[in-house]
Structure formats: structure tokens, C-alpha cells
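Good morning, and thank you for coming. Please have the sequence and the structure open while I speak.

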Amino acid sequence: MKKLGIFGGTFNPIHRGHLIVAKEVREGFDLDQICFVPAAIPPHKQTKKVAEASHRLEMIRLAIAGYDGFSVSDVELKRSGPSYTIDTLDHFKAIYSKKTQIYFIIGMDAFLDIETWKSFHKLFSVAPFIVMSRPGVLNSEPVKKVRVVTKLLVAKISSGYYFDSARNTFFHPEKKPVFLFDVTPVDISATMVRERIGQGKSISSLVPEKVKEFIESKGLYL
Ligand code: ATP
């Protein structure tokens with residue numbers, strides 16, 4: 001069985017945080033590949049200053065060059081209208097054989113927002129979630145994190161979800177598991193990158209050098 005991780009996001013822009021946590025997930029779950037999938041028109045982020053999709057795609061290409069097992073897909077950019085994860089997972093399920101297990105990789109902040117996503121219910125029947133920890137999001141007390149996620153799953157998805165503490169995972173008799181995965185805390189966000197550019201500060205420690213050069217050459221986020 002091959003294992004493929006789908007890592008969706010706005011990537012506005014991709015930053016070192018994305019790369020560090022994706023590498024840890026790949027190793028931790030023994031994934032053959034992680035595919036970064038930038039959203040065309042992020043349904044949740046339309047009010048923010050979002051760089052052109054082709055630029056965000058190119059920055060991902062530059063950032064992942066040299067990493068083993070990372071790829072990028074423009075599937076959401078080719079689709080018209082807003083990008084929905086359910087359509088993307090259906091797409092990957094259709095093009096890969098049943099011999100490939102597809103995982104959906106998401107940060108805890110985004111996961112807590114899941115009930116606002118299109119067909120969020122169905123997502124839990126399509127692919128297991130790998131939910132990565134993120135600084136500032138329910139990290140002070142592990143017990144509280146489990147309580148909050150249990151409440152969300154039971155109230156919004158199905159009362160059949162239960163937590164297996166030995167495996168740090170929520171299981172369900174019919175639906176897909178939800179894995180909680182602790183990654184190294186990397187306090188970087190794309191918002192931080194954009195804000196620092198706006199303030200005329202250096203972003204060298206936040207994004208790969210090639211991404212920084214691209215941002216500068218296109219005058220993004222000024
Ligand atoms: P913004 O600041 O614009 O909201 P972001 O930094 O959260 O952006 P996204 O492109 O929205 O970046 O993130 C894509 C996915 O990666 C999301 O599921 C998010 O939770 C996760 N993610 C981003 N940065 C980190 C990080 N430092 N640690 C763990 N997960 C992260």
C-alpha cells in the first residue's frame with residue numbers, strides 16, 4: 001500500500017513552518033509523498049490580501065525543490081470557482097488506485113474550523129485526517145485538546161468517534177480515523193510573513209531564500 005498525504009492550504013505564501021511540519025508528518029506516518037495543494041480562491045480567506053494563485057504555486061515549487069517526497073498540484077487552480085477540499089480528495093481518489101491510501105493533512109487551527117467547510121461531513125468518510133499541533137492552538141493542556149476535539153467530532157460528525165489515548169487517535173467503527181500528531185512548534189504563519197513585509201522587516205528566517213527572492217522580484221505583499 002502506498003501512502004499519499006494531501007496538504008491543502010492558501011500558502012500565501014508558503015513558509016518554513018509548512019516545510020518543517022510536512023517533513024515531520026512524512027516521516028512520522030511513513031508517507032511516500034506529500035502533495036501540496038494551493039487553493040485557488042480560498043473560501044475562508046477571501047477578505048485577506050491573497051497573492052495570485054500562479055505566484056503561490058510557483059513559491060511552493062521553489063520551496064520544495066530539493067526535498068524528498070514533496071510535490072505540488074495545481075488541481076485546485078484548474079477548477080473554476082472556489083476550491084473545496086472534498087472535490088480535491090475526490091480527484092486524488094479517482095486518479096490513484098485503491099492501492100494508495102490518501103491522508104489529509106491539516107493544522108489544528110484549520111481543523112477546529114472544519115464545520116464551516118463544504119460537505120465537511122463527507123470528508124470524514126473519504127480520508128483519514130492527520131491533525132498537526134500548532135503553537136497557540138490548544139497546546140497548554142493535552143487533556144483539553146482531546147476534550148475539545150472529542151466535542152467537535154461527537155457533536156458535528158458522529159457520536160461513534162472515540163479517543164484511543166495509546167495511539168493519540170480518534171477512531172470510529174465506519175468513518176476514517178483522525179490522528180492527532182505533535183509536531184515541533186514552529187511559530188511562523190503566512191500572516192506573520194505578510195505583516196513583516198508590510199513593515200519593511202526581513203523575512204529571511206520565515207521563508208526559504210528562493211521564496212524570499214521571488215516575493216521581492218514580484219513585489220508581493222507590499
Ligand atoms: P495565514 O496566516 O494566512 O492564515 P497559515 O500560516 O495558517 O496562513 P495556510 O496556508 O493557511 O498558512 O496553512 C495551510 C495548513 O498548514 C493549515 O492546515 C495550517 O493549519 C497549517 N500550518 C501552517 N503553518 C503551520 C505551523 N507553523 N505549524 C503547524 N501547522 C501549520
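Leucine 62 touches Lys210 and Phe214, leaving out residues up to four places away in sequence. Please keep in mind that we are looking at a predicted model. Leucine 62 lies in helix 2. Is leucine 62 buried or exposed, or something in between? Its relative accessibility is 24%, and therefore it counts as partly exposed.

Let us now consider helix 2 as a whole, which covers residues 53–64. At 1.5 Å a residue, its twelve residues should span 16 Å, and the C-alpha atoms at its ends are 17 Å apart, which agrees. Which residues of helix 2 are buried? They are His55, Arg56, Leu57, Met59, Ile60, Ala63 and Ile64. After helix 2 comes glycine 66, with a positive phi near 95°.

To return to isoleucine 34, its contacts beyond four places in sequence are Gly5, Phe7, Ala22, Val25, Arg26, Gly69, Phe70, Ser71 and Ile105.

My next topic is empty space. Rolling a probe the size of a water molecule over the atoms shows where such space is left. The second largest pocket has a volume of about 160 Å³. Its lining consists of Phe92, Lys93, Tyr96, Ser97, Lys98, Thr100, Gln101, Ile102 and Lys176. Helix 4 (85–95) and strand 4 (100–107) are the elements that give two or more residues to this lining, and strand 4 gives the most, with three. By class, the lining has three nonpolar, three polar and three charged residues.

One of the lining residues is threonine 100, which lies in strand 4. Threonine 100 has 15% relative accessibility and so counts as buried. Which residues does threonine 100 contact, if neighbours within four places in sequence are set aside? They are Met1, Lys2 and Leu4.

Finally, I would like to point out some details of the backbone. The peptide bond from asparagine 12 to proline 13 is cis, with omega near 5°. Proline 13 sits in the loop between strand 1 (2–9) and helix 1. Asparagine 168 is a residue other than glycine with a positive phi, near 50°. Asparagine 168 belongs to the loop between strand 6 (162–164) and strand 7 (169–171), and with a relative accessible area of 26% it is partly exposed. Tyrosine 221, in the segment after helix 9, also has a positive phi, near 65°. At 5% relative accessibility, tyrosine 221 counts as buried.

Thank you for your attention.

Terms used. Residues numbered from 1 in each chain as written. Predicted model: local features only at pLDDT ≥ 70, side-chain atom pairs only at ≥ 80, totals over all residues. Heavy atoms only, no water. Helix = DSSP H or I, 4+ residues; strand = E, 2+ residues; numbered from the N terminus. Expected span 1.5 Å × (residues − 1). Buried < 20%, exposed > 50% of the residue type's maximum accessible area, 1.4 Å probe, protein only. 1 Å grid on protein atoms, 1.4 Å probe; cavity = no way out; pocket = protein on both sides within 12 Å on 5 of 7 lines; lining within 4 Å. Points joined across faces, edges and corners; volume = space filled by probe spheres on them. Nonpolar A, V, L, I, M, F, W, Y, C, P; charged D, E, K, R; others polar. Contact = heavy atoms within 4.5 Å.
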